[in-house]
Amino acid sequence: MPVKKQVFLGLLLAIAVTIGYIETMIPLPVAFPGARLGLSNVVILTTIVVFGPKDGFMIAVLKSFLLMLVTGQVTGFFYSFAGSLLSCVAMILAYRYIRSATLVGVSFIGSFFHNLGQVLMAIIMVNNVGLLSYLPFLLLLGLFTSYFVGLTAKMASSHLLKMGVHL
């Protein structure tokens, strides 16, 4: 991997972790435990578009690990990691195989699977299937943020591609 690409991916990872950390401090107007805006997904989706699925997946996995180290939220890591893995795989597949999908649509798909992954992990950890009733509320919140994430990723990736950043 060329050094220029390594440096750029390192910067994207640092940005994703920083945004993720800042998100932990932003209070949401709704009382959903563990709910966040998901703005760091802009970086992951942009990485998938500009550098490819492997690098996007790597950024998603490393972001979860590093965010756990920065915040110290070990239990929250499991929810985040499950959501990130499912979301990233879904976004990669949607971006690659659904030709009519826009980045906003890919972001919606990623948001759905991120929330699904978190709820499934909570069901496994708490051993309570009733937590599935929490999913519609998370999905509703995800509609708004994933729209913003998709638009921002579209603008960022098109700008980076015009600059010739893809390596």
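Is F77 buried or exposed? F77 counts as buried, because its relative accessibility is 8%, under the 20% limit for that class. The model described here is predicted.

## Aromatic cluster

F77 belongs to a group of rings. F65, F77, F78 and F81 form one aromatic cluster. The count of aromatic pairs comes to six. A pair of rings is described by the distance between centres and the angle between planes.

Take F65 and F77 first. Their ring centres are 5.1 Å apart. Their planes stand at 35 degrees, so the pair is tilted. This pair links distant parts of the chain. F65 sits in helix α3 (residues 53-71), F77 in helix α4, and 12 residues separate them. F65 is partly exposed, at 35% relative accessible area.

F77 also pairs with F78. Here the geometry is edge-to-face. The centres are 5.5 Å apart, with 65 degrees between the planes. That angle is edge-to-face because it is over 60 degrees. F78 has a relative accessible area of 39%, so F78 is classed as partly exposed.

## Helix α2 against α4

Two packed helices are described by the angle and the distance between their axes. Helix α2 covers residues 41-51, and helix α4 covers residues 74-97. They pack at an angle of about 40 degrees. Their axes are 11 Å apart. The angle makes α2 oblique to α4. The crossing is right-handed.

Which residues make the contact? From α2 come I44, L45, I48 and V49. From α4 come C88, M91, I92 and Y95. The contact residues divide into eight nonpolar, no polar and no charged.

## Helix α1 against α2

α2 also packs with α1. The angle is about 160 degrees, and the axes are 10 Å apart. The two helices are therefore roughly antiparallel, since the class takes angles over 145 degrees. The crossing of α1 and α2 is right-handed.

On the α1 side, the contact is made by K5, F8, L9, L12, I15, A16 and I19. On the α2 side, V43, T47 and F51 take part. The contact of α1 with α2 holds eight nonpolar residues, one polar and one charged.

## N41 in helix α2

N41 is placed in helix α2. N41 counts as buried, because its relative accessibility is 16%. Which residues does N41 touch, leaving aside those up to four places away in sequence? They are K63 and V149.

## N127 in a loop

N127 is found in the loop between α5 (103-126) and α6 (135-162). What is its phi? The value is positive, about 60 degrees, although N127 is not a glycine. N127 is exposed, because its relative accessible area is 71%.

## K4 and V165

K4 lies in helix α1 (residues 3-25). K4 is exposed, with a relative accessible area of 60%. K4 and V165 are 161 residues apart in sequence. In space, they are 9.3 Å apart, C-alpha to C-alpha.

How values were computed:
Residues numbered from 1 in each chain as written. Predicted model: local features only at pLDDT ≥ 70, side-chain atom pairs only at ≥ 80, totals over all residues. Heavy atoms only, no water. Axes fitted to C-alpha atoms, helices over the stretch in contact; angles between N-to-C directions. Helix = DSSP H or I, 4+ residues; strand = E, 2+ residues; numbered from the N terminus. Parallel < 35°, antiparallel > 145°, perpendicular 65-115°, else oblique. Left-handed = near helix turned anticlockwise from the far one by under 90°. Contact = heavy atoms within 4.5 Å. Nonpolar A, V, L, I, M, F, W, Y, C, P; charged D, E, K, R; others polar. Phe/Tyr/Trp six-rings, centres within 6.5 Å; stacked < 30°, edge-to-face > 60°. Buried < 20%, exposed > 50% of the residue type's maximum accessible area, 1.4 Å probe, protein only.
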